[in-house]
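Have a look at the chain below before reading on.

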Amino acid sequence: MDMYPIDLRLEGRAALVAGGGAVAHRKVRGLLAAGAAVTVVAPKLSPPLAALAADGRIAWLAQLATAEVFASLPRALLVFCATDDRAANAAFGKAAKEAGALVNDATAPELCDFFLPAALRDGDLLVTVSTGGASPALARTLKKRLAARLGASWGDWLERLAGLREEAKERIEGSAGRETFWRAALSEHILNLVEEGRLDEAEAEIRHALDCFGTES
C-alpha cells in the first residue's frame, strides 16, 4: 500500500473521536497535543477522558456513535472510530467519509484513510515510523531503537540550526547555492559532533563553513 507522508497542522481544527475508552483516550491525547479542537462521542467516558471533559479541554456528546449522530455534528477534518463495536465504527466512519473527512478506524485497518505512526519528538524535531497499519507494535519497537540511537541532542541542534539557516538565507544567494552549502556543511563529522553532544563545536564549524562559502562565492 502506497502512503503519502505528511506533517499536519491541526491547531484549532475540528476532530471527532468515537469511543470513550483507552484507545479513544490515546487518540485524544495526540490530538490535544497538536492543538486540535476535539469532540468525543460516547455514552460513557473513561476517568481520564471524563477529567478532560470536566476541564473543558474536550467537548463530549453523550450518545452512541451512529451515522445519524454524525450528521448532527460539526464537520471535522479527522475522524477516529475507536469504539469496541466494529459495526458501529464502520457505520460512523462511512458517514464521515461521505462527508469528506479522513477516517482512522481502530478496529479495521483496511477501512482507514490514514494511520498514526509511532512518533519520536525532541523539541521541533519529529521522527515517525509507520508500517501502514500492518504492525503498530513493530513501529513502536523501531521508534525505541531510533530514540536510543539518536540520543538527546538533536532537538537542541535543530533549534540552533534554524538560526543558522536564516543567516545562510541572508548571505548566500539562490536556493541552489544554499542547497550546495548545506549538503557540504552537514557532514558526517558535524553529525557525529551532535551525537556526542558537542553542539558548540558543531555550530562553530558550521559558522566557519558559512564564512568560507561566502568568501569563495
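Here is a quick tour of the model, one topic at a time.

## The overall picture

First things first: this is a predicted model. The chain has nine helices and seven strands, and 34% of its 217 residues count as buried.

How does the radius of gyration of the chain compare with that of a compact globule of 217 residues? The globule would come out near 17 Å, but the chain has 22 Å. Along the principal axes, the C-alpha atoms fill a box of roughly 65 × 40 × 35 Å.

## The largest pocket

The largest pocket has a volume of about 2100 Å³. Its lining is made up of 48 residues. If you want to find the centre on screen, go to Phe115, Leu116, Pro117, Ala118 and Ala119, which lie nearest to it. Several elements give two or more residues to this lining: the helices α1 (22-33) and α5 (136-150), plus the strands β4 (78-81), β5 (102-105), β6 (118-122) and β7 (125-129).

Which element gives the most to the lining of the largest pocket? That's α1, with seven residues.

## Aromatic pairs

Now for the rings. A pair of aromatic rings is described by two things, the distance of the centres and the angle of the planes. The count here comes to four aromatic pairs.

Take Phe70 and Phe92: their ring centres are 5.4 Å apart and their planes sit at 85 degrees, and since over 60 degrees counts as edge-to-face, that is what this pair is. The pair links distant parts of the chain, with Phe70 in helix α3 (residues 67-71) and Phe92 in helix α4 (residues 86-98), 22 residues apart.

Phe80 and Phe114 make another edge-to-face pair, with 5.4 Å from centre to centre and 90 degrees between the planes. Phe80 lies in strand β4 and Phe114 in the loop between β5 and β6, so this pair ties together parts that are 34 residues apart in sequence. Both Phe80 and Phe114 are buried. Elsewhere, ring pairs link Phe181, Trp182 and Phe213 into a cluster.

## One face of α8

Helix α8 (residues 188-195) has Ile190, Leu193 and Val194 among its buried residues. Why can the buried residues of α8 be said to line one face of the helix? Seen down the axis, they fall within an arc of 100 degrees, so they line one face. After α8 comes Gly197, which has a positive phi, near 80 degrees.

## Single residues worth a click

Glu68 is in helix α3. With a relative accessibility of 63%, Glu68 counts as exposed, because the cut-off for exposed is over 50%.

Ala37 belongs to strand β2 (residues 37-41). Ala37 has a relative accessible area of 39%, so it is partly exposed: that value falls between the 20% and 50% cut-offs. Ala37 and Ile58 are 21 residues apart along the chain, and their C-alpha atoms are separated by 7.1 Å.

Leu138 sits in helix α5, one of the elements that line the largest pocket. At 42% relative accessibility, Leu138 counts as partly exposed. How far is its C-alpha atom from that of Ser153, 15 residues apart along the chain? The separation between Leu138 and Ser153 is 25 Å.

How values were computed. Residues numbered from 1 in each chain as written. Predicted model: local features only at pLDDT ≥ 70, side-chain atom pairs only at ≥ 80, totals over all residues. Heavy atoms only, no water. 1 Å grid on protein atoms, 1.4 Å probe; cavity = no way out; pocket = protein on both sides within 12 Å on 5 of 7 lines; lining within 4 Å. Points joined across faces, edges and corners; volume = space filled by probe spheres on them. Helix = DSSP H or I, 4+ residues; strand = E, 2+ residues; numbered from the N terminus. Phe/Tyr/Trp six-rings, centres within 6.5 Å; stacked < 30°, edge-to-face > 60°. Buried < 20%, exposed > 50% of the residue type's maximum accessible area, 1.4 Å probe, protein only. Arc of directions from axis to C-beta. Rg over C-alpha atoms; globule rule 2.2 N^0.38 Å.
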